[in-house]
Amino acid sequence: MLTLILDSATKNMYIGFVDENKVLYEKYYEGANDHAKYIVSGIEEALKSLNKKVKDIKKIVCGVGPGSYTGVRMAVTVAKMMAHFANIPLYEVSTLAILASNLEGNVIATIDARRGMVFGGIFNKGKEVVKESYTSLDELKNNPYDAIVTDNDFKVNPFVAIENASLVEEPMLLVPNYLRDTEAERNLCK
């Protein structure tokens, strides 16, 4: 079963394709707030290299954040549209779980949220051990952990991502997990 795994919530966008127990394609795109420019062409490039079409995709697994406000929206929007228009089952998974997916034990996964804060949580084999939140790294370190991974340097285990993904019953209702209001929303409430 050809599965697309997609995440754009960090500065490193990930596009992967797996079939049963084999990784067929993986690519990391280091971005500069420009994932929108590469996400669709990246999927097209992958399909072309695999000699596949969108109709061959049987499942989409999408990282839904937390992370960059615009970045999270890119993968979620593309996944929703593909799922809706090509009638492909859509699954959601935490971007933090994706970051931690390739490491063993209790893994602190963090995404820089600026001003000394992170979006973070602790995961073990993709399962949430300490609830993801907008917090400080020091706060997360108050819990038992074996490793730390950041959005700067991570390797995805697509099978852990797939295993921990949840079916989205109505793809068009999928919303990103931002974990905090945008800066514009915070300024509006002042």
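Predicted model: local features only at pLDDT ≥ 70, side-chain atom pairs only at ≥ 80, totals over all residues.
Biologist: What span is expected for α1, and what does α1 reach?

Modeller: The expected span is 1.5 Å times one less than the number of residues. With 15 residues, α1 is expected to span 21 Å; from first to last C-alpha it reaches 20 Å, which is close.

Biologist: Where is the kink in α1 centred?

Modeller: On S41, with a kink of about 25 degrees. The bend at a residue is the angle between axes fitted to the seven residues ending there and the seven starting there.

Biologist: Which residues of α1 are buried?

Modeller: H35, I39, G42, I43, A46 and L47. Buried means under 20% relative accessible area with a 1.4 Å probe, counting protein chains only; over 50% is exposed, and in between is partly exposed. These buried residues pack against β1, β2, β3, β4 and α2.

Biologist: How many residues does the largest nonpolar core have?

Modeller: It has 30 residues; L4, I15 and F17 are among those with the most contacts inside it. To count, Ala, Val, Leu, Ile, Met, Phe, Trp, Tyr or Cys residues must be buried and joined through side-chain atoms within 4.5 Å. Eight residues, the largest share, come from α2.

Biologist: What is I57 in contact with, leaving aside neighbours within four places in sequence?

Modeller: L2, L4, F17, L47, M82 and I88. Contact means heavy atoms within 4.5 Å. Apart from that core lies another of 23 residues, including Y91 and V107.

Biologist: Why do β2 and β3 pair?

Modeller: Two strands pair if DSSP finds at least two bridges between them. β2 and β3 have eight, in the antiparallel sense, so they pair. I15 stands opposite K27 in β3. Two residues lie between the strands of this hairpin, and E20 takes a positive phi near 55 degrees.

Biologist: What is the strand order in the open sheet of four strands?

Modeller: The order is β8-β7-β6-β9, with mixed pairing. β8 and β9 are edge strands, since each pairs on one side only. β7 and β8 run antiparallel, joined by six bridges. The partner of I122 in β8 is V130.

Technical notes
Residues numbered from 1 in each chain as written. Heavy atoms only, no water.
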